[in-house]
Amino acid sequence: MDSIAEKKAVTFASVLRNNIYRDRDVLHALLPSTGLLHRTEQKNELVMELAPILMNSAVSCVFVYGNPGTGKTAVITQLMEELEAEAKRQKVKLIKAYVNCSENRTETTILIDILSQINPEKTYPRVGWTRAKAVSEFKKVSEELKTNVMVVLDEVDYALKESGDDILYRLSRINTKVNAKTSSNVSTILISNDVRVADYIKPKTQSTLGRVRVIFAPYAEEELRDILKDRAKSAFAKDAVSDPILQKIAEIEASRGGDARKALELLDSCAKAAIAKGRSKVTLDLVDEADRTLEKDTIFNIVATLTKHQKLLYLAMLKSSKKELDGGNVYKLYSEVCEKQNVSPLSIRRVRTFLVNFSELGIIKSEVTWLRSLRKKSRTITMDVDAATKKKLRKSIRDSI
Ligand SMILES: Nc1ncnc2c1ncn2[C@@H]1O[C@H](COP(=O)(O)OP(=O)(O)OP(=O)(O)O)[C@@H](O)[C@H]1O
Ligand SMILES: [Mg+2]
C-alpha cells in the first residue's frame with residue numbers, strides 16, 4: 001500500500017491540503033505564545049542584574065554565553081519586553097536597542113543602528129557616515145535624551161573579531177563621564193556563542209566592563225523533548241506527531257550539542273517528509289530519513305560553496321523584503337551589506353556576473369526584460385525561498401563569512 005502512496009505525484013494543492021500542519025510558523029517563532037521553557041535559572045540571574053535599571057542606575061555590562069540554539073536571543077528578547085513593560089508601570093524612562101553584530105560589524109554601523117532605534121524621529125543614513133560623525137551623534141543624542149538606554153549587542157563576537165572592542169569601551173564610558181548625571185544611563189548586554197570572547201577585549205576595556213556572566217548550557221534530552229512537545233501541540237494536527245517521534249528527535253539533537261533550533265528544524269523536516277509521501281502522520285522511520293535530507297538540502301550546499309562576495313550578495317538579497325528586485329537595487333543592497341561587514345564592495349560588473357552564476361545554479365530566477373517606458377533593459381530577480389528557509393540561510397551565511 002505504502003509503495004503506491006509513495007509514487008503519488010505531489011502537487012501544490014496536495015501539499016496545501018495536507019492534514020499534518022496546523023500552524024507551521026509556530027515551529028520557527030522566536031517567542032512562542034506558550035513561553036520559553038527550562039531557562040528560569042538564567043532568567044532569574046538576568047532579572048537580578050538588570051533590576052537596577054528600574055532604579056535609574058546603569059548596569060555596566062552583562063555577558064551572556066552559550067552554544068548556538070540554546071535560547072540566548074529568545075530569552076533576552078523576552079526579558080527586554082518584560083523590562084520595558086515594568087519600566088512603563090513604574091514610570092521609569094527606558095529605551096531599548098537591539099543590534100545583531102554579525103550583520104553590523106563596525107563601530108559606525110552598530111552606533112547608527114542603535115541611534116535609529118533610540119532616536120526614531122530622525123532618519124539615519126544606512127551607509128556613508130564616518131566613525132567620528134556617528135560617535136559625536138551618539139554622544140549628542142544620549143545627552144539630549146536623558147533616559148535609561150538598554151543596548152543588546154547580539155552575536156557580538158563577530159564585531160569584536162572584525163573591528164576590535166572600541167564599541168564596548170565607548171558604551172561603557174558614556175556612564176562614567178563627568179557629566180554622567182546630565183546624560184543617559186547606557187546599560188549593555190553582550191551575547192556571544194564564543195566563550196573566548198574575552199580574548200578579543202583589551203585589558204583597558206575589560207576593566208571598565210562588568211564581570212557578570214550568565215551561561216546558557218546546551219539543552220539536555222528531556223528539555224529538548226519538552227520544547228518540541230510544547231510547539232508540536234499547536235504546530236500540528238492532533239495525532240499527526242506522536243511522543244516517540246519527539247523523543248527520538250530530542251535524543252538525536254541532545255547527543256549533537258543540545259541545540260533547540262536544530263531540533264525544531266528536524267521536526268519540521270519530518271513533517272515535510274511525511275507530506276511528500278502523502279501520509280497523514282509522521283512515523284519513526286521518517287526521522288532518520290528527514291535527518292539525512294536536512295544534510296543534503298541543496299540550496300544550503302550550494303550557498304556553502306560560494307565565495308565571500310557572492311555570499312554577501314546573496315545575503316543582501318535575502319535581507320530584502322521585496323518580492324522582485326532589479327539589478328540596480330541589488331547592487332545598492334550589496335554595497336550596504338559590505339559596509340556593515342567592513343569590506344569594500346566589488347564593481348557592478350562583477351556583481352552582474354555573480355547574478356548570472358546564481359541564476360545558473362538555480363538559487364535565484366533572473367529575467368531580462370525591456371522596459372518600454374524607460375527605454376532600457378532591466379534585470380528582474382526573484383527568489384523562490386520561503387520565510388523560514390530565508391531566515392536559516394541568512395544565519396548560515398552570516399556564520400560563514
Ligand atoms: N527554552 C526554550 N523554550 C522554547 N523554545 C526555545 C528555547 N530555547 C530556544 N528555543 C527556540 O530555539 C530557537 C533558537 O533559539 P535562539 O535563537 O534564542 O538561540 P541562540 O542561543 O540565540 O542561538 P545562536 O547562538 O545561534 O544565536 C528559537 O526558535 C527559539 O524560540
Ligand atoms: Mg542568537
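Helices (H or I, at least four residues) and strands (E, at least two) are DSSP runs, numbered from the N terminus.

The model is predicted, and for that reason local features need pLDDT of at least 70 and side-chain atom pairs count only at pLDDT 80 or more, while totals for chains, interfaces and linings use all residues. Residues are numbered from 1 along each chain as its sequence is written, and chains are lettered from A and ligands numbered from 1 in the order in which they are written.

**Stop 1: helix 11**

Select residues 243-256, which form helix 11. This helix has 14 residues and reaches 20 Å from its first C-alpha to its last, close to the 20 Å expected at 1.5 Å a residue. The expected span of a helix is 1.5 Å times one less than its number of residues.

Now highlight Ile245, Leu246, Ile249, Ala250 and Glu253, which are buried. They lie on the same side of helix 11, because they cover an arc of only 130° around the axis. The arc is that of the directions from the helix axis to the C-beta atoms. A residue is buried if 20 or more other C-beta atoms lie within 10 Å of its own, exposed if 12 or fewer, and partly exposed in between, with C-beta atoms placed from the backbone. An α-helix has 3.6 residues a turn, so residues three or four places apart point the same way.

The buried residues of helix 11 pack against helix 10 (221-235), helix 12 and helix 13 (284-295). Two residues are in contact if their C-beta atoms, placed from the backbone, lie within 7 Å. On the face turned away from the buried side, find the exposed residues Asp243, Pro244 and Ser255.

**Stop 2: the domains**

Colour the protein by its domain assignment: domain 1 (2-19 + 219-296), domain 2 (40-216) and domain 3 (304-400). Domain bounds come from an automatic or database domain assignment. The centres of domain 2 and domain 3, taken over C-alpha atoms, are separated by 31 Å. Ten residues from domain 2 and seven residues from domain 3 take part in the contact. The side of domain 2 that touches domain 3 has one nonpolar, five polar and four charged residues. In this classification Ala, Val, Leu, Ile, Met, Phe, Trp, Tyr, Cys and Pro count as nonpolar, Asp, Glu, Lys and Arg as charged, and the others, Gly among them, as polar.

**Stop 3: ligand 1**

Select ligand 1 and display its shell of 18 residues, of which the closest are Pro68, Gly71, Lys72, Thr73 and Ala74. A residue is near a molecule or strand if its C-beta atom, placed from the backbone, lies within 6 Å of it. Helix 4 (72-89) and helix 12 (260-276) are the elements that give two or more residues to this shell. By class, the shell has eight nonpolar, seven polar and three charged residues. Domain 1 and domain 2 each supply at least three residues to the shell.

**Stop 4: helix 4**

Continue along helix 4, whose 18 residues should span 26 Å at 1.5 Å a residue; its end C-alpha atoms are 26 Å apart, which agrees. Lys72, Thr73, Val75, Ile76 and Leu83 are buried in this helix. They cover an arc of only 155° around the axis, which puts them on the same side of helix 4. Among the elements against which the buried residues of helix 4 pack are helix 3 (40-50), strand 1 (62-66) and strand 5 (212-216).

**Stop 5: two residues with positive phi**

Most residues other than glycine have a negative phi, and most peptide bonds are trans. Select Lys91, which has a positive phi of about 55° although it is not a glycine. Lys91 lies in the loop between helix 4 and strand 2, and it is exposed, with 6 other C-beta atoms within 10 Å. Next select Glu155, whose phi is positive, near 50°. Glu155 lies in the loop between strand 3 and helix 7. Is Glu155 buried or exposed? Glu155 is buried, with 24 other C-beta atoms within 10 Å.

**Stop 6: Thr109**

Finish at Thr109, which lies in helix 5. Thr109 counts as buried because it has 26 C-beta neighbours inside 10 Å. Leaving aside neighbours within four places in sequence, Thr109 is in contact with Asn104, Glu339 and Lys340.
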